Amino acid sequence: MNFVSIRIITGDVARLVGFYERATGVRASWATEDFAELTTASATLAIAGTRTVPLFAPGSARPADNHSVIIEFLVDDVDSVHRNLTGFVADFVNEPTTMPWGNRSLLFRDPDGNLVNFFTPVAGRD
């Protein structure tokens, strides 16, 4: 088994894809107007519209209703990324903070309210 992607269901695919393209610097690959993917070296963030949900199971997913998952991206310098996103991201949950487990973390919400964590491992941790 290989974990390869996470998919966000949204009511506005273009808006959310644009947000993640700007926040990550990764260009999306569009399959249809209802589905795009942002692919990194280790995983893919898929973004799909509500019209795709019935293809799996009607009513099985709702947009902008995540209260348990944090989407995480490893970045080279979380403080630099924070400076770059200031003025673009509307809802920072925390400023860059060094966590007890050794990551410097920046937590914010995307336009649908999903939690996003950009983090950098702190040098010299055990």
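Where is Asp34 found? I located Asp34 in the loop between strand E2 (29-32) and strand E3 (35-39); helices (H or I, at least four residues) and strands (E, at least two) are DSSP runs, numbered from the N terminus.

Before going on, I noted the basis. This is a predicted model, in which local features need pLDDT of at least 70 and side-chain atom pairs count only at pLDDT 80 or more, while totals for chains, interfaces and linings use all residues. Residues are numbered from 1 along each chain as its sequence is written, and side-chain values use heavy atoms, with hydrogens and water left out.

I looked up the accessibility of Asp34: the residue counts as buried because its relative accessibility is 17%. Buried means under 20% relative accessible area, exposed over 50%, and partly exposed in between (1.4 Å probe, protein chains only). I then listed what Asp34 touches, leaving aside neighbours within four places in sequence: Val13, Ile47, Ala48, Gly49, Arg51 and Thr52. Contact here means heavy atoms within 4.5 Å.

Ala64 is partly exposed, with a relative accessible area of 48%. Its phi is near 55°, a positive value in a residue other than glycine.

**Sheet with E1**

I traced an open sheet of four strands in the order E1-E4-E3-E2, with mixed pairing; two strands pair if DSSP finds at least two bridges between them. E1 and E2 stand at the edges with a single partner strand each, so one side of each has no neighbour in the sheet. Neighbouring strands are turned by 20° against each other on average, direction ignored. For angles, axes are lines fitted to C-alpha atoms, for helices over the stretch in contact, and values run from 0 to 180 degrees between N-to-C directions.

E3 and E4 pair in the antiparallel sense over five bridges. I found Ala48 in E4 as the bridge partner of Phe35. H1 packs on this sheet and touches E1, E2, E3 and E4, with its direction at about 160° to that of E4.

**Sheet with E5**

I traced another open sheet of four strands, also with mixed pairing, in the order E5-E8-E7-E6. Strand E5 (70-74) and strand E6 (91-98) are the edge strands, each pairing on one side only. The twist averages 15° from one strand to the next.

Strand E7 (residues 103-109) and strand E8 (residues 115-121) run antiparallel and are joined by seven bridges. Phe108 has Val116 in E8 as its bridge partner.

**Pockets**

On a 1 Å grid over the protein atoms alone, a pocket is an open set of points with protein on both sides within 12 Å along at least five of seven lines, where a 1.4 Å probe fits; lining residues have an atom within 4 Å of a point. Grid points are joined across faces, edges and corners, and a volume is the space filled by probe spheres set on the points.

I read a volume of about 480 Å³ for the largest pocket. Of its 23 lining residues, Thr40, Ser42, Glu72, Phe73 and Leu74 are closest to the centre. E5 gives the most to this lining, with five residues.

The second largest pocket holds about 220 Å³. Its lining has 13 residues, with Arg7, Ile8, Ile9, Asn66 and Asn114 nearest the centre. Here E1 gives the most, with four residues.
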